[in-house]
Amino acid sequence: MLTRLFSRNPLKTPGDRRGDEAARALYDAIVDQARQPAFYTDLGVPDSTDGRFDLLALHSFLVFHRLKLDRGATEDLSQRLFDIMAFHLDQSVRISGAGDHGSAKRLKAMGEALMGRYRAYERALAASEPTDLEAALARNLYGSGEPPDPLQIRAVATYLRQESRGLADQPLAQLLSGRLLFGPPPSAPGSSSESAA
């Protein structure tokens, strides 16, 4: 159902409007990072429609969270990025075969789920208790599958904090031009690379 959320095929979308190039580049970077196999194979994120949606939600949250730090300069870019994501959500629902009424209901539910995750991650990142973020990830990123290993949740929580700090350090001019750098997904808990670190 969310195939188009992970599509980079050129379409006449909000991402193809004049002036949308930077937002489209940010969207592509979010999608590419959410596709990384290690999240599914090493970190236990469900390899399902819900799991893929939640990884896209997680990484789009990181980008919007960063853009908010320079809200005055990034308001237009944030809106264009959100428009592109909304378009792809709409297309994925329509391709699934839902009628107009069904599409509207699904889109509303998906939009509410997306914003609920943004709020949960925002609160958890700001919380003084580190386990709040792990709890938010367990409810959302891992909520549709089997209970994950606590070490997997902890690894993703550490990754989320690191990426939040890393994006905050990326220059505003770089983001405004659509250049965005994510770090690699964390290693599987207990792996030799993690032990070496």
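A: In this predicted model, helix α1 passes α3 in a right-handed crossing. The residues of the contact of α1 with α3 divide into seven nonpolar, three polar and no charged.

Q: How is the packing of two helices described?
A: Two packed helices are described by the angle between their axes and by the distance between those axes. Here the axes of α1 (residues 21–34) and α3 (residues 49–68) come within 9 Å and cross at roughly 135°. Therefore α1 is oblique to α3.

Q: Which residues of α1 and α3 meet?
A: From α1 come Leu26, Ile30, Val31, Gln33 and Ala34, and they meet Leu55, Leu56, His59, Ser60 and Val63 of α3.

Q: At what angle do the axes of α6 and α7 cross?
A: The axes of α6 and α7 cross at roughly 110° and come within 9 Å, so α6 is roughly perpendicular to α7. On the α6 side, the contact is made by Leu133, Glu134, Leu137 and Ala138; the α7 residues include Ile153, Val156 and Leu160. By class, this contact of α6 with α7 has seven nonpolar, no polar and three charged residues.

Q: Which residues touch the most other members of the largest nonpolar core?
A: In soluble globular proteins, nonpolar side chains tend to be buried together. The largest nonpolar core here has 49 residues, of which Leu81, Tyr121, Leu137 and Leu141 touch the most other members. Helix α3 gives the largest share of this core, ten residues.

Q: What is Tyr121 in contact with, leaving aside its neighbours within four places in sequence?
A: Among its contacts are Leu58, Phe61, Leu137, Leu141 and Leu160.

Terms used
Residues numbered from 1 in each chain as written. Predicted model: local features only at pLDDT ≥ 70, side-chain atom pairs only at ≥ 80, totals over all residues. Heavy atoms only, no water. Axes fitted to C-alpha atoms, helices over the stretch in contact; angles between N-to-C directions. Helix = DSSP H or I, 4+ residues; strand = E, 2+ residues; numbered from the N terminus. Parallel < 35°, antiparallel > 145°, perpendicular 65-115°, else oblique. Left-handed = near helix turned anticlockwise from the far one by under 90°. Contact = heavy atoms within 4.5 Å. Nonpolar A, V, L, I, M, F, W, Y, C, P; charged D, E, K, R; others polar. Core = buried A, V, L, I, M, F, W, Y, C linked by side-chain atoms within 4.5 Å. Buried < 20%, exposed > 50% of the residue type's maximum accessible area, 1.4 Å probe, protein only.
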